[in-house]
Amino acid sequence: MLPDFLDSVVQLITRTSTDLPPDVRAAMGMAVRNEPAETRAGQALAIIAQNIDEANSCEGPICQDTGMPTFEVKVPLGANQIWLRSQIREAVAEATRRGKLRPNSVDSITGENSGNNLGPGTPIIHFDQWEAPDIEIKLILKGGGCENTNAQYSLPADLDHLGRADRTLDGVRKCILHAVWKAQGKGCSPGAVGVCVGGDRTSGYLHAKEQLFRTLDDTNPDPRLAEIEATVMSAANKLAVGPMGFSGNTSLIGCKIGALNRLPASFFVSIAYDCWAFRRLGIKVDARSGAITEWLYREGTKPSAPMLSPDAVSAGFARTGREVALRAPITDEQIRSLKVGDVVLISGPMFTGRDAVHAHLMKHDPPVDLRGGVLYHCGPVVAKDSSTSGGWVVTAAGPTTSIREEPYQAEILKRYGVRAVVGKGGMGAKTLAGLKESGAVYLNAIGGAAQFYARCIDRVTGVSLMQFGTPEAMWHLEVRDFPAIVTMDSHGNSLHKDVEEESGAILETLR
Ligand code: SF4
């Protein structure tokens with residue numbers, strides 16, 4: 001059997017999780033240059049650029065959500081696909097052990113995390129045969145925040161702000177713009193979309209995701225689709241959704257469209273939204289040894305060019321002097337003085353809590369005193385570390401999508417006296433009312449900036465609710481100068497609501 005195959009796949013996973021491909025780096029570099037540095041969008045992109053460089057230099061995950069590993073494998077005739085599949089699965093488990101992938105495979109009935117990214121349907125591995133002599137493996141890591149913003153339209157349809165979308169290419173254009181507008185910052189914009197016109201509901205989503213294996217700078221060989229791609233790119237970047245949904249000049253870094261035949265009765269437009277942390281790479285391996293013969297999407301093993309100069313990386317978060325220092329326990333007076341747009345630097349204790357913790361707190365008292373405290377919507381990557389006092393070290397810790405906690409958040413603020421919720425993408429009307437009633441704020445951290453925020457964590461002081469698995473447990477952190485932006489305050493103001501309305505008004509003009 002192929003002695004080097006396992007190691008080659010581990011290398012592929014490691015590099016994909018930690019080093020963005022050159023086409024994505026180029027698109028993000030353009031986004032950085034297009035936003036004035038002093039704006040919210042500019043500050044968000046500076047943190048993202050720094051995070052990309054830090055992940056590459058320490059070989060740590062770019063984002064803590066390392067997503068659903070999806071492999072597209074082409075094999076020569078006669079290759080043993082059963083053995084190759086088992087080796088790819090073993091490589092996924094090994095990369096998880098090494099902290100390059102977060103344990104992300106959860107039993108949908110019991111809620112139990114398998115701990116090694118293996119389970120029914122995880123990872124996704126598709127095989128195809130080809131007549132070439134070697135094996136090709138392409139990998140995409142697409143996280144939950146952007147996966148949840150995928151959309152499928154059945155045409156004809158009536159769309160907010162855009163009116164009727166017919167069964168035409170113009171109807172397709174409207175669907176894509178609608179999906180980008182609807183995603184706002186929840187999928188960690190600026191993102192890229194893979195689109196399928198036609199197919200059925202399942203093949204449509206699959207083909208849409210396959211479009212994400214194209215490079216962002218290629219040209220569609222079908223001139224009709226190439227024209228729609230160009231039109232969408234120009235229109236979407238007028239929407240002013242902006243990085244993280246903060247408003248700004250770049251909302252989309254790529255639009256790739258494919259088409260499948262459909263039934264006469266159906267006309268689906270399926271959209272796979274990927275975030276700025278667009279992790280996609282590939283390798284070719286020798287079919288006898290399993291050794292890597294070629295890297296895809298990048299120039300061999302040549303190191304990636306940094307996004308920022310070395311000085312800019314070591315300078316850290318660019319301060320303006322107007323930042324507000326916050327340290328728990330936070331008082332009602334401090335919270336009421338904060339307004340949308342303020343940048344805060346949090347120091348002191350912070351507790352993580354996401355889906356399982358929120359559901360738990362609706363029925364049980366918290367394991368720690370949360371009064372005046374800071375709750376962080378985050379599922380970190382953590383590793384055992386006997387050299388630290390807590391015995392754990394956080395290796396990646398960006399925010400997760402907050403809107404999932406909308407059904408619980410206002411009640412948790414009220415019951416337990418939490419003063420600040422940190423997450424990304426914003427929350428809805430119920431939470432906004434809860435912030436006002438209980439005296440609390442919502443703070444938007446920069447989605448995907450997992451290495452940047454891991455460096456703001458001085459130490460792990462404890463952990464509760466480990467029965468939910470490491471991403472869902474409540475981690476007790478001690479942080480220092482953790483930057484975030486007030487996007488929902490205790491006076492009823494929400495930047496997310498404002499940007500959604502303003503970009504909706506722009507969408508009207510693109511009918
Ligand atoms: S960058 Fe955002 S959307 Fe993408 S995987 Fe990370 S948290 Fe999810």
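1. Two strands are taken as paired if DSSP finds at least two bridges between them. Helices (H or I, at least four residues) and strands (E, at least two) are DSSP runs, numbered from the N terminus. On that basis, Cys 196 stands opposite Gly 258 in β8.

2. The model is predicted: local features need pLDDT of at least 70 and side-chain atom pairs pLDDT 80 or more, while totals for chains, interfaces and linings use all residues. Residues are numbered from 1 along each chain as its sequence is written, and side-chain values use heavy atoms, without hydrogens and water.

3. Strand β7 (residues 191–198) runs parallel to β8, with eight bridges. Both belong to an open, mixed sheet of four strands in the order β4-β9-β7-β8. Its edge strands, β4 (151–154) and β8 (252–260), each pair on one side only.

4. Five aromatic pairs are present (Phe, Tyr or six-membered Trp rings with centres within 6.5 Å; planes under 30 degrees apart are stacked, over 60 edge-to-face, the rest tilted). Phe 5 and Trp 83 form a tilted pair, because their ring centres are 6.0 Å apart and their planes at 45°. Phe 5 is in helix α1 (residues 5–18) and Trp 83 in helix α4 (residues 81–97), 78 residues apart. Both Phe 5 and Trp 83 are buried (under 20% relative accessible area, 1.4 Å probe, protein chains only).

5. Trp 392 and Trp 475 pair edge-to-face, at 5.0 Å between centres and 75° between planes. Trp 392 lies in strand β16 (residues 392–396) and Trp 475 in strand β20 (residues 474–488), so the pair ties together parts 83 residues apart in sequence. Trp 392 and Trp 475 are both buried.

Notes:
Buried means under 20% relative accessible area, exposed over 50%, partly exposed in between (1.4 Å probe, protein chains only).
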